[in-house]
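Please open the model in a viewer and keep the selection tool at hand.

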Amino acid sequence: MAAEIRIVEEAKRPLAMNPKKFALWLFMVSVIMVFAGLTSAYLVRRGEGDWFLFELPQLFWITTGLIIASSISMVYALSSAKKDNLEGLKIGIVTTFVLGVGFLIGQWYAWADLVAINAHFTGGNVSSSFIYVLTGFHGLHIVSGLVFLIIVMVSTFTFKVHSRNLNQLEMCATYWHFLGVLWLYLFVFLLLNR
């Protein structure tokens, strides 16, 4: 009697991503496309000539430091959550939020510096308008990041974020780091293309 050998293939696990994380990544891709369009328009318009040259506010350097520091504190928050260090998580999230608010305040004062050198949003040359649009649109995204941070802070302080429940914090961290990298891109772009 011949033994029957049956080969049964194990079902392959489909590649899957949390739907909320997928939506976040789609949103970030759309933001990249918008800023790519804005920076392309900047380059095209600058190439036409009649471009008003001015120094970028020194506060942009400080706000760049703040956004980098806020990414570091976010890394600390996520690392603490993975180790169930709830005190470290709280410190990291609150620090990230405070640094994010500091970034926005610094950007506001940088706009005041632009006004002081007659680089206005409207009226004069379009070169200064681009600075306001790029930094202002990024600032609006920072505000959305701060709202996300508030939601995560509430979850953190009600003990809903821990090593077995990291989804919300990971999404917040991804978005926050994205905003930091986006600012670095914009800052370097403006430094190199004035």
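**A tour by selection**

Select N193 to begin: leaving aside neighbours within four places in sequence, N193 is in contact with Y42, L43 and R46, where contact means heavy atoms within 4.5 Å. N193 is found in the segment after α5; helices here are DSSP runs (H or I, at least four residues), numbered from the N terminus. With a relative accessible area of 16%, N193 is buried (under 20% is buried, over 50% exposed, and in between partly exposed, with a 1.4 Å probe and protein chains only).

This is a predicted model, in which local features need pLDDT of at least 70 and side-chain atom pairs count only at pLDDT 80 or more, while totals for chains, interfaces and linings use all residues. Residues are numbered from 1 along each chain as its sequence is written, and side-chain values use heavy atoms, with hydrogens and water left out.

Next, select M74, I93, L169 and W176. Of the 46 residues in the largest nonpolar core, these four touch the most other members; such a core is a set of buried Ala, Val, Leu, Ile, Met, Phe, Trp, Tyr and Cys residues joined through side-chain atoms within 4.5 Å. Two or more core residues come from each of α1, α2 (59-82), α3, α4 (126-157) and α5 (167-192). The greatest contribution, 14 residues, is that of α5. Centre the view on I93: not counting residues up to four places away in sequence, I93 touches M74, A77, L149, V152, M153, T156 and L169.

Now display helix α3 (residues 86-116). After α3 comes N118, whose phi is positive, near 65°.

Which loop holds D84? D84 is found between α2 and α3. Although D84 is not a glycine, its phi is positive, about 55°. D84 is partly exposed, with a relative accessible area of 39%. Move on to F159, in the loop between α4 and α5; F159, also a residue other than glycine, has a positive phi near 60°.

Finally, select M17, F22, W25 and L26. Together they form a nonpolar surface patch with about 440 Å² of accessible area. Nonpolar patches join Val, Leu, Ile, Met, Phe, Trp or Tyr side chains within 5 Å, from residues with over 30% relative accessible area and no salt bridge (a side-chain nitrogen of Lys or Arg within 4 Å of a carboxyl oxygen of Asp or Glu). L26 lies in helix α1 (residues 19-47) and is partly exposed, at 48%.

Technical notes: Patches are made of residues with over 30% relative accessible area and no salt bridge: like charges are joined within 9 Å, nonpolar side chains (Val, Leu, Ile, Met, Phe, Trp, Tyr) within 5 Å. Accessible areas come from the Shrake-Rupley method with a 1.4 Å probe; for residues, only the protein chains shown count as cover.
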